[in-house]
There are 2 protein chains.
Amino acid sequence: MAVNLQAPETLLPVAGVRLASVDAGIRYKNRNDLLLIELEQGSHTVAVFTRNAFCAAPVHVCRSHLQNGSPRYLLVNSGNANAGTGDLGMQAARECCEQLAELGECWAEQVLPFSTGVIGMQLPVEKITAALPEALAKLDENGWLEASRTIMTTDTVAKAISRQVEVFGETVTITGIAKGAGMIHPNMATMLAYVATDALIEKDILQRVLNEVVEETFNCITVDGDTSTNDSLVVMATGSSGVYVGSEGLPAFQQALREVCLYLAQAIVRDGEGATKFISIDVQGAATRVEARAVGNTVALSPLVKTALFASDPNWGRILAAVGRSPVEALDVSLITIWLGETLLIEKGEPAATYREELGAAETKRDEIAIRIDLGRGEASATTWTCDFSYDYVKINAEYRS
Amino acid sequence: MAVNLQAPETLLPVAGVRLASVDAGIRYKNRNDLLLIELEQGSHTVAVFTRNAFCAAPVHVCRSHLQNGSPRYLLVNSGNANAGTGDLGMQAARECCEQLAELGECWAEQVLPFSTGVIGMQLPVEKITAALPEALAKLDENGWLEASRTIMTTDTVAKAISRQVEVFGETVTITGIAKGAGMIHPNMATMLAYVATDALIEKDILQRVLNEVVEETFNCITVDGDTSTNDSLVVMATGSSGVYVGSEGLPAFQQALREVCLYLAQAIVRDGEGATKFISIDVQGAATRVEARAVGNTVALSPLVKTALFASDPNWGRILAAVGRSPVEALDVSLITIWLGETLLIEKGEPAATYREELGAAETKRDEIAIRIDLGRGEASATTWTCDFSYDYVKINAEYRS
């Protein structure tokens, strides 16, 4: 079902990172649902999390643990989100960290817990802790590909990518995996992403790079406007390559990290629940980037636009109506120009004289559709990536728990 | 398909108002698609319109005509929205008004044009003007019921209601009709509503009453967040009953008008495209009404909440996640309490100890579902009415033009 997306066949190991996937029997039958990631001592880990006020227990624990220590382990389960679980959920997340710390010989604060799956059910702590010895025994540098499958929930395709970049003639590797298919919206969604590199990079620089990269990648995607309680993006730098990324090597490194994050972010949209089309919405000529984002999001989230594109129907009136209701002060329609792919739809607020239904239909028939909107009121721009809204979106989300 | 909604069998005529429905052959086959409403001289007409920046040609013309004269005729077509039609669309709307003015012996400024249907196609002016003589000849005080069917587009049930109210022992009649089934959102949507009364009431008072009533009725409904280019709500007071509604009679009159508008607004949600559930979201304990609205709308528009309720799935985690991402500053989760019907879900941010899945399932099985959210941070409240999101929503909106 995913739009032009295939799982990778190989991934590059990252020196200093070992992974293990095991079947802890949390919810799914006959598949791995527990991922353990081990980081070499001295690794730097930075992260961004959901801004949802109701964030899940593991997110609270991660935030606290990241302030107090350098993570040695990440423990990720699929099938249960440990969200909306109150104090018991907090205890459950901490208990998993403590058990792993004991077995792995580190402090509990050096374990970051993550959960994804159904909200509002208590985490089966015993099933998880019972699986830890097997997970620790299986840790392997080559565990990435399996890891990308372990964290899947409603995903139909595993999402992962590796990139290498030269820094002063030496090679740095970046490998990342992600999951998420619905509840995807700017500022993190039901999305987990783990990106590791063997570069040697200072922690505050890594955090700054992550903030910049996320703004252009994960924060530009939306499937249904629902942000999740659990979203987390973690970037880990082990330094094991010995290649120091200082200010001069930074642009190349940041560009490679951006490519990895862009691939993963777009992969999530391509595998959006029920998606049959991958849609890019470029808004330009805005007064501010915030404004460009607001217009892009309004169009991207319009159920009428999304259902029309599902039907390959060039019903551009719906795009126009969505732009018109965007939360932008004093929007002057007579300055707005809109294209569907290469086809001009609206020119300075008027229907384009050159538009013909066949041209629009040819654009909407594609499985990758580009909408470009020029607001004609400034220099700022932003891109939003989304997918269409199909019968299967309803089916998947109406039946998810049954 | 509509949730607990039936078309009325009779409607009360309103002295001073005559209506005619005819088949102008605009788009649909073998049904009326053109409604003419005639108002007695001296009637007062007030209206509120869509706030969409891309508003349709007839909305522009209506706004201008309402400033310049007292309407004698309203001309409403279904099947074509005359939106996104540029200068030609403006000419088309004006041309219809001019032709009707000539036949009806009034000024063009005394005609209000309305259109609903597909966006972006030019209005077939000749078909409309050709049908005007027949419409004028058919004008009848008893044309309300037929009128409620003429303005339908994707509606499955005609929406109309009559109320009578005593003002100082004398009877005032209010009859209203409405259409709209998708693109329904606060501040007007693809919604047309016409409410007439024979009360004698001053125009500025009528406008103030309308503004207050719309805030508690039509502006509290949402189907898919898409506001339309054409939404219009018109209230006409002919004064033909001779019953003067001054300050003392106003509360009773306003209450009756509110009941009519509330019925029509909720009827639109009950007949929301593909709706199988009618959902009320009460937000209380908010710091401001704007904040209460923001939370209500976020929950009401969440595709994940809407699809879960379609499936009668008490997946309350999705309600919680939607509340958590509402655009409210410094939302304190530990103050929030949420009920589903009579069942307590979340108490002060924690899962309620009394909650059991059977209780939640019993609530979501109903075809009328109430969600109550107490933010615990103030005294303001607001209610939002919406419907669920079903396969049929996608079907209707993917196939609308084909």
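**Note on the chain A–chain B contact**

1. The contact between the two chains draws 47 residues from chain A and 47 residues from chain B. The model is predicted, and the values below are computed from it.

2. On the chain A side, five elements each supply at least two residues: helix H2 (86–104), helix H8 (303–310), helix H9 (316–324), strand E13 (350–351) and helix H11 (391–399). The largest share of this side, seven residues, is that of H9(A). Sorted by class, the side of chain A that touches chain B consists of 22 nonpolar, 17 polar and eight charged residues.

3. Which surface does each copy use? Of the interface residues of chain A, 98% are interface residues in chain B as well, so the copies meet through the same surface.

4. The symmetry can be stated directly. Chain A is superposed on chain B by a rotation of 180° with 0.0 Å of shift along the axis, at an RMSD of 0.0 Å. This is therefore the relation of a two-fold axis. Within chain A, the C-alpha nearest that axis belongs to A:Tyr391, at 2.8 Å.

5. H8(A) packs against helix H11 (residues 391–398) of chain B at an angle of about 70°, and their axes are 8 Å apart. Angles of 65 to 115 degrees count as roughly perpendicular, and H8(A) and H11(B) are therefore described as roughly perpendicular to each other. The crossing of H8(A) past H11(B) is right-handed.

6. Which residues make this helix contact? From H8(A) they are A:Pro303, A:Leu304, A:Thr307, A:Ala308 and A:Phe310, and from H11(B) they are B:Val394, B:Asn397 and B:Ala398. For the whole side of chain A that touches chain B, by contrast, the count includes eight charged residues.

7. A separate point concerns a hairpin in chain B. Strand E6 (residues 159–167) and strand E7 (residues 170–179) of chain B run antiparallel and are joined by nine bridges. Within this pairing, B:Gln164 has B:Thr173 of E7(B) as its bridge partner. Two residues lie between the strands of the hairpin, and B:Phe168 takes a positive phi near 50° there.

Methods:
Residues are numbered from 1 along each chain as its sequence is written. Chains are lettered from A and ligands numbered from 1 in the order in which they are written. This is a predicted model: local features need pLDDT of at least 70, side-chain atom pairs count only at pLDDT 80 or more; totals for chains, interfaces and linings use all residues. Copies are superposed by least squares on the C-alpha atoms of residues with pLDDT of at least 70 in both. Two residues are in contact if their C-beta atoms, placed from the backbone, lie within 7 Å. Helices (H or I, at least four residues) and strands (E, at least two) are DSSP runs, numbered from the N terminus. Ala, Val, Leu, Ile, Met, Phe, Trp, Tyr, Cys and Pro count as nonpolar, Asp, Glu, Lys and Arg as charged, and the others, Gly among them, as polar. Two strands pair if DSSP finds at least two bridges between them. Axes are lines fitted to C-alpha atoms, for helices over the stretch in contact, and angles run from 0 to 180 degrees between N-to-C directions. Angles under 35 degrees count as roughly parallel, over 145 as roughly antiparallel, 65 to 115 as roughly perpendicular and the rest as oblique. A crossing is left-handed if the near helix is turned anticlockwise from the far one by less than a right angle, and right-handed if clockwise.
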